[in-house]
Amino acid sequence: MGVHTETSEAAQWISCPECRELVYVKRHQRDLGVCPGCGAHSRLHASERMAHLLDDRSIVPFESPATVEDPIGFTDSLPYPDRLRQARERTGAGEAVTCVTASVMNHPVIAAVMDFRFLGGSLGAGVGERIVRACETALRTRTPLLLVTASGGARMQEGAYALMQMAKTAQALAELDEAGILTVSLVTNPTYGGVAASFATLTDVILAESGARIGFAGPRVIQQTIQQELPEGFQSAEFMQARGFLDAVVPRSALRPVLGALLGMVRQDAPHARGPRTARLVRDPGELPEREPWHVVRLARHEGRPTTLDYVYQLLDDFQELKGDRLSGDCPAIVGGLGRLDGRPIVLVGHQKGHDTTQRVSRNFGMALPEGYRKAARLMRLAEKLGLPVVTLVDTPGAHPGVEAEERGQAWAIAENLRLMSGLKVPVVSVITGEGGSGGALALAVADRVLAFSNAVYSVISPEGCAAILWKDRGEAPRAAAALRLDARDLLRQGIVDAVLPEPAGGAHEDPVAAAETLRAALGAMLSELTRLTPRELVERRRRRFRRYGIEDARNT
């Protein structure tokens, strides 16, 4: 999408191709090519993109590699070498991608930035080789990789050689995965075909500019080949995020700070985490008062109780929420992302209920669909790749029991999380902040340390469900709550949780700030303790923990 200049007299004005509004050129430039009327993002050249995203004077271009220029002797209305020459003269670039060593907000990065002006940003041997060399440089220097994509697809003029670049770049990304190097894509408009189906969508984090289009087959191809009606907003960044394929859709003005925060999470020379604060942890059940279980259940469910996002915004710096399971969707009942807890980078995942009725309905009352558990699994795998601790906050009545959840494999998603968490080679701390309902809670709570707030509950089934099954009467829920031994005192006595976090008088909702500070200190203490262990020790001890449940005198073994 470009912009159109009006008459020579009005050369200081441009017309937005989307809304047709006239925009003063200097304002358009100041707004980074974003229309102030409709928010449409015009295309940026590679040099403009680098000037916007990368630190001034940090950019050092790679040397141009030697590649086969005309592998199949292709000619249409012009010989392919002539088309290459014209593209180079028009853009001043050697190829459709420019690769550089640079930094973003003082965080080192290897960047590969595509330019749609150069033969539609098409993927040929020259582009493929440059992308791979960027990956190899990132691998050698252990520096995060940033890919900025803009492409119509593979370069037809290079035949099967262009097709092979998809596999070539994909395996280069695989090597970065194996080495634990952070990779980030920024998808810009448009990103299609062989680029979308290879390196653009294989990174750890996939961001997209507002309104960017991404897909394998473009709308014109779809309409002309199978005459299929396309839905509203088809293949837009917003459309693809709703289906779980993008982590975030970011307006152009916010891209640089978002990228800087992400890159800062894995910087090797970043300051160490601040020392742990004194944690108020109860480890002796005798120190907790006996209370009527049904009263505790109601406190655990109180709509004012702090949610995962409440805790995130209180505790974490530079938090970047990451969305989508990269398979089918994004479940709003589970949220997660990267952030800093007292300077320590972590991955945090948790159930999200909301407070009022509108929020709770939109979050499905914290009852996750399979895509929520798959999103959590993806983030935990990212944590393991980057060597970051995992913190999970549990607050759910249980996994969503509906038809759509069963159709999408609810049991499989939960089972996979149980297996995955049992073998994560990084520290894992889980906190039951409210309700811990059934397998839907356990799917985020296979951890090295399991904590619970003093008004939290954790059980195999809800009191209402238990009462309906055993007494055939949901009204017997208080009786079931007592029988299930689900409050924090009993959980600590059973060895299900390692410690209990005291709450303010009346519950965490009475003083959310104090509750968050209690959680901060507890997490700091647990993570400081666990980070002293090797990956092998973590896995062995975690598996031994869950192996012992059900054995006589298990808490003393």
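Tutor: Happy to! Two packed helices are described by the angle between their axes and the distance between the axes. In this predicted model, take helix α2 (residues 46-53) and helix α9 (residues 252-264): their axes come within 9 Å and cross at roughly 60 degrees.

Student: Which word describes how α2 and α9 lie to each other?

Tutor: They are oblique. The roughly perpendicular class runs from 65 to 115 degrees, and the crossing here is at roughly 60 degrees.

Student: Which residues make the contact between α2 and α9?

Tutor: From α2 come R49, H52 and L53, while α9 contributes R252, L255, R256 and L259. Sorted by class, the residues of this contact are three nonpolar, one polar and three charged.

Student: Let me try another pair. At what angle do α11 and α20 pack?

Tutor: Helix α11 (residues 308-315) meets helix α20 (residues 512-530) at an angle of about 70 degrees, and their axes are 10 Å apart. That angle makes α11 roughly perpendicular to α20.

Student: And which residues of α11 and α20 make that contact?

Tutor: On the α11 side they are Y311, Q314 and L315; on the α20 side, V513, A515, A516, E517, L519, R520 and L523. The class count for this contact is seven nonpolar, one polar and two charged residues.

Student: Now let me step back. How many helices and strands does the protein chain have?

Tutor: There are 21 helices and 19 strands. The C-alpha trace spans about 85 × 45 × 45 Å along its principal axes.

Student: How would I judge the radius of gyration of the protein chain?

Tutor: Compare it with the value for a compact globule. For 557 residues that would be near 24 Å, and the protein chain has 27 Å, which agrees.

Student: What share of the residues is buried, and what share of the contacts links residues 24 or more positions apart?

Tutor: Buried residues make up 54% of the 557. Among contacts with a separation of 6 or more, 72% join residues 24 or more positions apart. As for the surface, the protein chain exposes about 24500 Å², with carbon and sulfur atoms supplying 52% of it.

Notes:
Residues numbered from 1 in each chain as written. Predicted model: local features only at pLDDT ≥ 70, side-chain atom pairs only at ≥ 80, totals over all residues. Heavy atoms only, no water. Axes fitted to C-alpha atoms, helices over the stretch in contact; angles between N-to-C directions. Helix = DSSP H or I, 4+ residues; strand = E, 2+ residues; numbered from the N terminus. Parallel < 35°, antiparallel > 145°, perpendicular 65-115°, else oblique. Contact = heavy atoms within 4.5 Å. Nonpolar A, V, L, I, M, F, W, Y, C, P; charged D, E, K, R; others polar. Rg over C-alpha atoms; globule rule 2.2 N^0.38 Å. Buried < 20%, exposed > 50% of the residue type's maximum accessible area, 1.4 Å probe, protein only. Areas by Shrake-Rupley, 256 points an atom, 1.4 Å probe, with all protein chains shown as cover.
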